[in-house]
Amino acid sequence: MEITLSINSKPQTVEISPSETLLDLVRRLGYTSVKFGCGEGACGACTVILDGRPVNACLVLAATAGGREVVTLEALGDTRRPHPLQEAFIDAGAIQCGFCTPGMILSAQALLDRNPDPSEEEIRESIDGNLCRCTGYVQIVEAVRLAAKRLRKVGAKSPGRRAKTGSR
Ligand code: FES
Ligand code: FES
């Protein structure tokens, strides 16, 4: 079957199988920031933003993504032009192996889109579906807080962002 969806603001018409997950589809299309972790909704490594909400792409059938907007980490920034959240994760020491980082950042981005000045509790809530085996979360929470502070200072939600992520 064929569906048309938007990935990082780019409309794409793709052939999919009825059982293909959104995780498999985006990785097949080259968006490899989206990671396969558990494959059963337990780790958050596969987080993407779907119509403004962070979701576990391993639990979403690609067939249901037709006509919808998907955002992956590739839309936010890269090594040459990092997003403030990516910079803050580096500055706060919130990245070790990095496997959880794309999903963490997208969950944090969805939070900051709707709340530019979140409390620590709100930050922890926003990432409670994203597991990290390495950092112990303290640095991750600090990174989100740091990014939020920097973004408020420049008076923008996410300068440099290439795609609209919407809000949860
Ligand atoms: S791979 Fe999707 S939640 Fe773990
Ligand atoms: S940095 Fe390794 S899982 Fe989070």
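Is Glu-120 buried, partly exposed or exposed? With a relative accessible area of 36%, Glu-120 is partly exposed. That value comes from a predicted model, as does everything below.

Start with the surroundings of this residue. Glu-120 sits in helix α4, and so does Arg-124. Four residues separate them, about one turn of the helix. An α-helix has 3.6 residues a turn, so residues three or four places apart point the same way. The two side chains form a salt bridge, with the closest N and O atoms 3.0 Å apart. Arg-124 is partly exposed, at a relative accessible area of 37%. This pair belongs to a network of salt bridges. Glu-142 and Arg-145 are linked into the network along with Glu-120 and Arg-124.

Now look at the salt bridges elsewhere. The whole structure holds seven of them. One of these joins Arg-68 to Asp-51, at 2.9 Å from N to O. The pair links distant parts of the chain, 17 residues apart. Arg-68 lies in the loop between β4 (53-56) and β5 (69-71). Asp-51 lies in the loop between β3 (47-50) and β4. Both ends are partly exposed: Arg-68 has a relative accessible area of 28%, and Asp-51 has 40%.

Another salt bridge runs between helices. The side chains of Asp-91 and Arg-150 meet at 2.9 Å, N to O. Asp-91 is in helix α2 and Arg-150 is in helix α5, so this contact ties together parts that are 59 residues apart in sequence. Asp-91 has a relative accessibility of 51%. Exposed means over 50%, so Asp-91 counts as exposed. Arg-150 is partly exposed, with a relative accessible area of 32%.

The largest nonpolar core has 28 residues. Within this core, Leu-76, Leu-85, Phe-89, Met-104 and Ile-140 touch the most other members. A second core stands separate, with 20 residues. Among its members are Leu-5, Leu-22, Val-34 and Leu-50.

How many of the residues of α3 are buried? The count is 13 of 14, so the helix is mostly covered. From its first C-alpha to its last, α3 reaches 20 Å. That is close to the 20 Å expected at 1.5 Å a residue.

What about the cysteines? Cys-100 has a relative accessibility of 10% and counts as buried. Cys-134 is partly exposed, with a relative accessible area of 30%. The count of disulfides in the model comes to zero.

End at the loop between α4 (120-126) and α5 (138-153), where Arg-133 lies. Is Arg-133 buried or exposed? Its relative accessible area is 77%, so Arg-133 is exposed. In sequence, Arg-133 and Phe-99 are 34 residues apart. In space, their C-alpha atoms are 9.2 Å apart.

How values were computed:
Residues numbered from 1 in each chain as written. Chains lettered and ligands numbered in written order. Predicted model: local features only at pLDDT ≥ 70, side-chain atom pairs only at ≥ 80, totals over all residues. Heavy atoms only, no water. Helix = DSSP H or I, 4+ residues; strand = E, 2+ residues; numbered from the N terminus. Buried < 20%, exposed > 50% of the residue type's maximum accessible area, 1.4 Å probe, protein only. Core = buried A, V, L, I, M, F, W, Y, C linked by side-chain atoms within 4.5 Å. Salt bridge = Lys/Arg side-chain N within 4 Å of Asp/Glu carboxyl O. Disulfide = S-S within 2.5 Å. Expected span 1.5 Å × (residues − 1).
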